[in-house]
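Reader: I would like a close look at one part of this model, the charged pairs. Please take me through the salt bridges, then the strands and side chains that go with that picture.

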Amino acid sequence: MFHSQILCKSLLRSLFLLVEISFLRIRETMTLSPPRISRSVYPRKVPSIAFAIGGLTSFIIFASLLLFSHPLGSSLTGYLYGTETTRHLEFHHSSSRDTSDPNPSPDSTTNSPPLLTQHRQESTEALPTNHVSVEKEDSVQTECDLFRGNWFYDPKGPLYTNNSCPLLTQMQNCQGNGRPDKDYENWRWKPSQCDLPRFDAKKFLELMRGKTLAFIGDSVARNQMESMMCLLWQVETPVNRGNRKMQRWYFRSSSVMIARMWSSWLVHQFNEPFSFAPQGVTKLKLDQPDERIMEALPKFDVVVLSSGHWFAKQSVYILKDEIVGGQLWWPDKTKPAKVSNVEAFGISVETILKAVAKHPSYKGLTILRTWSPDHYEGGAWNTGGSCTGKEEPLPPGKLVKNGFTEVMYEQQAKGFQRAVEDDKVGNRSKKMKLMDITEAFGYRHDGHPGPYRSPDPKKITKRGPDGQPPPQDCLHWCMPGPVDTWNEMVLEIIRRDMEGGGSRP
């Protein structure tokens, strides 16, 4: 194409030169001194004019054929106007909207195709961050932040239903348990500077061909694993290859395995007596990873880690073979604990991440999903907390602060940061990703089962005469529902890692 453009430009220059000569010859003919009426004048001039016009016509036809077969686009325009321009394609996103609108229009989101504009730029100044400039096929795009954006209503709805996925814990089957509203299923996440595509099960299976993805953590990790399985189940029915130690589902078409391991704290735990901590109380060695994870790790290619909520339960914290604290257990009230449950959580995150990164037989991708916010209002899960009647996300900017969520998230982020900055981790830190969902999902108080935790037709779903709410779940997520967005993010993180590309426009 480059050589064709040079040839075309040369032909154009010749064309313009020929036009100029032809017009000069015609002008000379027409501007001679007052003609003398003589029959010998026209025989000499007409052939000359005819030759010039004929040559010009032939050249124009030839050049036109060449230009149609090898269009020059902006290069031709640049030559004609004496300027050389660079061709840019920009995808203009309409993510910058009035954040006071609690119900963003789907027209300003991924429902509408991006507006494609073509223009000329005579400089290489940086474009605004919400424009993705495409100059060359091998240009490297800057990754956009997947975790800052807004929720928008998508009338297309979810990719599966509670009836089309057989692997769904009954407590998260909100529609099957009688929840009367279902708009909570239709809200999708839109990053501010790019799009987060709907989950593509075929794309996921192709990217992960021959590989294993493992979800490791507590019941919220199970919630995410079941969401992934429901999304994949729509294109292929997997084979159950699990056992008591680990759930495993195998997809024959691509040899992909989805696994789940239970690990409440991600670190070593035991119940035997230790120092002044008696039998029966769970002890956690905060500086030792869960040995079951370390044993299984070489079988995995991608690991999604999540934990935290069990640090609200009774446990004893041990660091360097010394009891340093405890949650809901501390026999000597006169002596303060050295480590709180919040600090213990941060230490556990650092411990597991460093252990995974330094494992000699694991070279895969490690994704740490941040703290999943609960939405108990008016109390805790066991003291009258409620999320009843929430039917849509909080409006932008109206996030209700939760002190415990904030400190747990902060300690988790610090633990992650300490791990990636450890000199002994080295380049392995590039394979450690923080999936920062906490703030975005703080807006989704509508996405929990609430009182719709079972199919029992006699269950209580409304407050009693004394105003007390019924027992409910405001921690786990309905399926389908907001939790499916986590797996859209997982797919995009895997795509960026394996394809080496930046954000999608």
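Author: The side chains of arginine 209 and glutamate 206 form a salt bridge, with N and O 2.9 Å apart. A salt bridge here is a side-chain nitrogen of Lys or Arg within 4 Å of a carboxyl oxygen of Asp or Glu. This is a predicted model: local features need pLDDT of at least 70, side-chain atom pairs count only at pLDDT 80 or more, and totals for chains, interfaces and linings use all residues. Residues are numbered from 1 along each chain as its sequence is written, and side-chain values use heavy atoms, with hydrogens and water left out.

Arginine 209 is partly exposed, at 45% relative accessibility. Glutamate 206 is partly exposed too, at 47%. The terms have cut-offs: buried is under 20% relative accessible area, exposed is over 50%, and partly exposed lies in between (1.4 Å probe, protein chains only).

Arginine 179 and aspartate 181 also meet through their side chains in a salt bridge, at 2.9 Å from N to O. Arginine 179 is buried, at 6%. Aspartate 181 is buried as well, at 15%.

Next comes a helix. Glutamate 499 pairs with arginine 495, and their closest N and O atoms are 3.3 Å apart. Both sit in helix H10 (residues 483-499), and they are about one helical turn apart because four residues separate them. Helices (H or I, at least four residues) and strands (E, at least two) are DSSP runs, numbered from the N terminus. Glutamate 499 is partly exposed, at 41%. Arginine 495 is buried, at 7%. The pair belongs to a network of salt bridges that links Lys203, Glu492, Arg495, Arg496 and Glu499. The whole structure holds 24 salt bridges.

One more charged residue deserves a look. Lysine 285 lies in strand E11 (residues 283-289). Lysine 285 is buried, at 15%. Its side chain makes a polar contact of 3.5 Å with the side chain of aspartate 321.

Now the strands. Strand E12 (residues 302-306) has five of its five residues buried. Val302, Val304 and Ser306 are on one side, with Val303 and Leu305 on the other. In a regular strand the side chains alternate between the two faces of the sheet. Strand E6 (residues 212-217) runs parallel to E12, joined by five bridges. Leucine 213 has valine 302 as its bridge partner in E12. Strand E15 (residues 365-369) also runs parallel to E12, through four bridges. There, valine 304 is partnered by isoleucine 367.

How values were computed
Polar contact = N/O pair within 3.5 Å; in protein donor to acceptor, adjacent residues only side chain to side chain. Pairing = 2+ DSSP bridges.
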